[in-house]
Amino acid sequence: MSQQYPHLLSELDLGFTKLKNRVIMGSMHLGLEEDKDFSKLATFYKERAEGGVGLIVTGGIAPDIFGWTKPFSAKLTNQREVQKHRQVTSAVHDAGGKIAMQILHTGRYGFHPLILGPSKIQSPITPFKPHAMSEFFIKMTINHYARCAKLAKNAGYDGVEIMGSEGYLINQFIAKKTNQRTDGWGGSFENRIKFALDIVRKVKASVGNEFIIIFRLSMLDLVEDGSTIDEVLQLACELENAGVTIISTGIGWHEARVPTIATSIPRAAFAQITEKLRGAVNLPIVAVNRINTPEVAEDILAKNQADLVAMARPMLADSHLVQKAMDGKADEINTCIACNQACLDHLFKGQKASCLVNPRAVQEMELNYLPTQLVKNIAVIGGGVAGISCATILASRGHKVTIYEAKDKLGGQFNLAKNIPGKEEFKETLRYFNKQIELHNVLVKLNANIDADYLQKANYDEVVIATGVLPRVPNIDGISHRKVLHYPDVLSGKVAVGEKVAIIGAGGIGFDMGEFLLYDSEEMLKIDNYYQEWGIDASIKHAGGLLPNQVHEAPIREIYLLQRKEGKLGAGLGKTTGWIHRASLKNKNVKMLAGVTYRKIDDDGLHITIADKEYTLDVDNVVLCAGQESVNQLYKDLDGKIDNLHLIGGAHIAKELDAKFAIREGAELAAKL
Ligand code: NAP
Ligand code: SF4
């Protein structure tokens, strides 16, 4: 076993049971919880248990229908449902793991008309107004938590996690913002935490002493009228007295306008917040959010900021993260880049979760990379992420694979993405892919301009074309003017950019360009700067941990971001991250203009028309971020001339091309050949 992570890999003795290491797979809804049978869910968790994680916490399961996330979402209220859950617990136990079930009552965050809350105050992120809970409903709900925990125990779980953070029902009782009751469940802090404490006591009474009870405690609400540090610590002490086994921490309500898990948030940004529980309680405490590598986790534990770390998305990206750390193979970990594109963004669209860097996540029964029965000689043309994903999986299955790349390095668009402030994590995917190439002996030919003639003569068994995309150059008068810059040249640092800039195109890359021109990568990685940028009070003396006055540094450039469409800029960006990009640029006074017609570019700048009015933007540079076009000439040249020809990634579909699609298409083809 590796000696590299002594704290992370050490056992935790809870008295009545032991966890084999300090890694919890944090709760995350997968979209499998509503399936008729739990075979997919069981397979998903079984792989994570085999991958060595100390304790798994399931996605949230409602204690009754009022706590549903949406109509007919997962609940545990009767014996029939217990049978389904047994499939999950046995699979995890057979693999040597431990698993706790999260009990989640969404309160006013539910997407259905039955939602409840301490008071009749609608949340800004749901279309329904909650019914204010009567005393009868409060007591019934507490009993439902206890019933749910008992059923979870019957189903074979090793414990439960009571979700008390992120702005869900329990948190709604705790905070003044959402609890304006005047009876014994509202008013003073003691009254507002009574609901949480009564739930813990009832749960404890129903499951006994030899069952893990984790309470997810909101350390930093990041909403107005949230808790202060004194209140958080008082609640933590009371939770300990009420019988909790472990306190896990929660950062930020879902409605908070402060990003807490996006890729631009520095790693381990909240470990110092969790650390505030030290001394206040004698329970194991769990650090959360933006912990994505064993190094980061080890550092938190070595500094004694927490006893355990929770990682949810990193376990989607790599089921064997812990095992690889144990084997001294951390460089083989497929690291979560915190993009949210295939996990949370999918869930918000009602789809099943998956993972951008690991398309097998949540597809464990459908997408398998099995050893090949017939070894083939395969050429992959193009070393962007689609090509690498395909080539490395093909080679891992036993095929002989050669990648031909026209440039002098592999990685394609990821080589640009990693240069954007807040997207440094993309380097990890390149590191992972390069390691896979090495491990599976993929032959790499760089600076290789391959043509159809060569491939026809080479006689490969299969040829995969992954030649990617080229930036679109719009047809605007003056497009060749010296002021005009192309985004790859800017992002790769080949050209200097002036102080006044117009960006043509407000898709993902247009927004990225704005951040590239306004922020500094190194500065953005500093936790204190992140706190300042988003107005976080690390002392939590102010309610909810929000500073009363948010101060932004003056922008280093004056920027216009433009699109031809009417409507909000960035509307097509990810649901969970688009608002962050918009806020980051607004904080730097970027002028966002929609409904633009581009007339011409000349020495005076960019001439545009909006609503029949003409304007000249006096800018030093115009940066083109106007989307992509497929590079597929090689495919066209070969089509019909050789058998077993395949087209993937941006070369296949450039419109709305993103890395998620490219990596998945490469993987799906590689699983089949
Ligand atoms: P994109 O999202 O398709 O955006 C292209 C932009 O260019 C649009 O704003 C479009 O708006 C404009 N445009 C298109 N044709 C034009 C023309 N002929 N003249 C002038 N403007 C034109 O493409 P992208 O920004 O290159 O991004 C590529 C892919 O990577 C996308 O799928 C994107 O979502 C993904 N990506 C995502 C992120 C993220 O943060 N999630 C970051 C980077 C990239 P109008 O047509 O209205 O002018
Ligand atoms: Fe992490 Fe992105 Fe995968 Fe989600 S989709 S698990 S954020 S890498």
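Let's start with strand β13, residues 377-381, and strand β16, residues 462-465: four bridges join them, and they run parallel. Across that pairing, V380 stands opposite V464 in β16. Strands here are DSSP runs of E with at least two residues, helices are runs of H or I with at least four, both numbered from the N terminus, and two strands pair if DSSP finds at least two bridges between them.

A word on the source, friends: this is a predicted model, where local features need pLDDT of at least 70 and side-chain atom pairs count only at pLDDT 80 or more, while totals for chains, interfaces and linings use all residues. Residues are numbered from 1 along each chain as its sequence is written, chains are lettered from A and ligands numbered from 1 in the order in which they are written, and side-chain values use heavy atoms, leaving out hydrogens and water.

Back to our strands. They belong to an open, parallel sheet of five, ordered β15-β14-β13-β16-β27. At its edges are β15 (443-445) and β27 (645-647), each pairing on one side only. Helix α13, residues 385-396, packs on this sheet and touches β13, β14 (400-404) and β16, with contact meaning heavy atoms within 4.5 Å. The helix direction makes about 165 degrees with that of β14; axes are lines fitted to C-alpha atoms, for helices over the stretch in contact, and angles run from 0 to 180 degrees between N-to-C directions.

Now the other sheet on my list. Five strands, in the order β18-β25-β19-β20-β21, form an open sheet with parallel pairing. Because β18 (484-486) and β21 (591-593) each have a single partner strand, one side of each is left without a neighbour in the sheet. Inside, five bridges join β19 (residues 500-504) to β20 (residues 558-562), and I503 has L561 as its bridge partner in β20.
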